[in-house]
Amino acid sequence: MGRRPKIQKETLPPPSKKGGTRNKMPQLLRGFKDILPSEQTYWQMMMSKALKLAQDYGFQKIDTPLLEETSLFLRSVGKETDIVQKEMYAFTDKGGDDICLRPEGTASVIRAYLEHGMIAWPQPVKLFYWGPMFRYSRPQSGRYRQFYQLGFEILGESEPVLDSQLVLLAYNFFKGLEIEIEIQINSVGCPLCRPAYQRSLINYFKPKKRLLCPTCLERLSKNPLRILDCSEASCEELKDGAPQIIDWLCEECKNHFIKVLEFLDELELPYDLNPLLVRGLDYYTKTAFEIWPIFKEDQAGLTSQSALAGGGRYDGLAQLLGQKTIPASGFSIGIERTILKVKEKEKEGKFDMDAWEERRPDVFIAQLGEAAKRKALNLFESFREHNILTSECFSKNSLKSQLEQASKIGAKYTFILGQKEILDGTILLREMEGGVQEIIDYEKAISEIKKRLEMNH
Ligand code: AMP
């Protein structure tokens with residue numbers, strides 16, 4: 001083996017301003033989460049629901065890197081958005097490239113679509129993704145700095161029916177989890193009709209600008225649509241009388257929106273028209289929608305500002321990246337927020353997680369003595385090859401503590417191998433519930449346990 005290279009002092013990053021913590025145990029970063037084993041069942045369930053829906057609706061999985069060129073998001077999400085202005089983990093790498101941790105998935109998907117020539121595939125291309133996103137925002141319940149999104153994107157097609165089908169897909173995802181939701185929908189127009197609407201918003205807010213919060217005051221000149229998103233009390237009041245985009249849509253956007261709603265009506269999906277829904281990102285055109293949980297007065301947990309999913313049409317995104325127009329539509333679901341909701345439903349007795357529990361080991365192997373340990377090691381392998389879910393605790397030598405472990409994990413049967421059994425070519429089979437033990441031929445251990453577990457092969 002070669003010698004490990006020494007880390008050169010000058011290659012280490014300079015100490016942070018928060019220095020002086022050399023002896024402190026490094027801790028989880030604020031806004032980040034470990035997903036512990038006890039949580040994994042929820043995550044596996046979400047993933048399995050996602051895979052099922054993707055299969056049902058014909059979506060193929062795509063994984064894109066966590067790191068991208070910063071310019072991808074500057075150009076797509078938009079320079080004046082909160083994500084780009086305040087929330088990106090952006091830095092210059094050792095090679096001098098400006099890169100960032102992805103704050104969202106859609107821009108990466110369209111980059112991949114363009115880069116891999118998916119434009120030549122049969123259209124539309126339907127892709128889904130699952131993975132962590134990073135935004136440096138103030139952590140709170142349901143808002144993290146690293147969070148997972150599940151996203152569905154339909155690329156290369158402009159038909160309104162696809163927007164409606166995406167809303168349906170989102171609706172079905174939450175329905176499958178027994179989460180009561182509300183669909184909010186709007187149209188944000190297109191580069192043809194939106195500028196005139198933006199001007200009308202500026203004209204409306206300008207005389208009232210003393211009443212706007214400091215952030216919205218800045219938005220007034222840079223991104224007036226975002227004022228409609230603001231939840232500050234003073235801005236909230238002003239929004240009520242603001243012009244509505246629906247009155248400013250061009251013929252094409254208006255017809256598109258009407259068709260989307262007609263399809264939703266056809267599907268009998270309940271929705272709320274929300275003229276204030278603008279979504280925070282520059283790339284949206286026409287349809288914009290969000291999925292909100294229905295709140296009950298007594299529910300803590302998520303704040304009233306927490307949408308579970310959001311998306312819409314983004315026909316102009318490819319063009320923002322300097323390519324020709326690629327019509328596309330999509331949405332993403334926040335996994336952590338959805339899991340918080342699933343847990344609420346569980347507490348209310350409306351969702352049964354037990355159906356999703358991981359398979360528990362049916363069998364435990366306990367051993368006493370060195371020779372038994374060697375044999376048990378092999379027996380464990382044979383069980384595994386026969387697909388018998390088995391657990392063990394080879395590091396323990398006391399039978400009592402091994403049986404305790406077997407009970408703790410809920411094994412139905414425990415095989416016990418000791419010195420005597422090794423000599424006799426037998427093994428003890430203990431039924432954990434009643435504590436009944438019998439001696440069986442060691443060679444018959446597999447066939448016997450299969451019979452008891454009613455395994456066919
Ligand atoms: P967005 O595109 O920003 O609307 O995000 C889509 C979904 O991702 C939201 O509806 C949330 O469920 C989830 N999400 C967005 N930001 C965060 C965050 N900081 N922490 C947790 N979930 C988030």
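Trainee: Is the crossing of H12 and H15 left-handed or right-handed?
Mentor: The crossing of H12 and H15 is right-handed. Keep in mind that this is a predicted model.

Trainee: Okay, and which residues make that contact?
Mentor: From H12 you have Leu-379, Ser-382 and Phe-383, and from H15 there are Ala-445, Ile-446 and Ile-449. Sorted by class, the contact holds five nonpolar residues and one polar residue, with no charged ones.

Trainee: At what angle do H12 and H15 pack, and how far apart are their axes?
Mentor: H12 covers residues 370–385 and H15 covers residues 445–452; they pack at an angle of about 45°, and their axes are 11 Å apart. That angle is why H12 is called oblique to H15.

Trainee: Why do you keep giving me both an angle and a distance?
Mentor: Because a pair of packed helices is described by the angle between the axes and the distance between them.

Trainee: What is Thr-338 in contact with, leaving aside its neighbours within four places in sequence?
Mentor: With those neighbours set aside, Thr-338 is in contact with Met-46, Phe-173, Phe-174, Leu-177, Ile-179, Leu-308 and Ile-333. Met-46 is also one of the H1 residues in the contact with H11.

Trainee: Switching to strands: in what order do they sit in the sheet?
Mentor: The open sheet has three strands, ordered S2-S4-S3, with antiparallel pairing. Strands S2 (67–69) and S3 (89–92) are at the edges with a single partner strand each, so one side of each has no neighbour in the sheet. From one strand to the next, the twist averages 35°.

Trainee: How many bridges hold S2 and S4 as a pair?
Mentor: S2 and S4, which spans residues 98–101, pair over three bridges in the antiparallel sense.

Trainee: Last one: what stands opposite Leu-67?
Mentor: Leu-67 faces another leucine, Leu-101 in S4.

Note on methods:
Residues numbered from 1 in each chain as written. Predicted model: local features only at pLDDT ≥ 70, side-chain atom pairs only at ≥ 80, totals over all residues. Heavy atoms only, no water. Pairing = 2+ DSSP bridges. Helix = DSSP H or I, 4+ residues; strand = E, 2+ residues; numbered from the N terminus. Axes fitted to C-alpha atoms, helices over the stretch in contact; angles between N-to-C directions. Parallel < 35°, antiparallel > 145°, perpendicular 65-115°, else oblique. Left-handed = near helix turned anticlockwise from the far one by under 90°. Contact = heavy atoms within 4.5 Å. Nonpolar A, V, L, I, M, F, W, Y, C, P; charged D, E, K, R; others polar.
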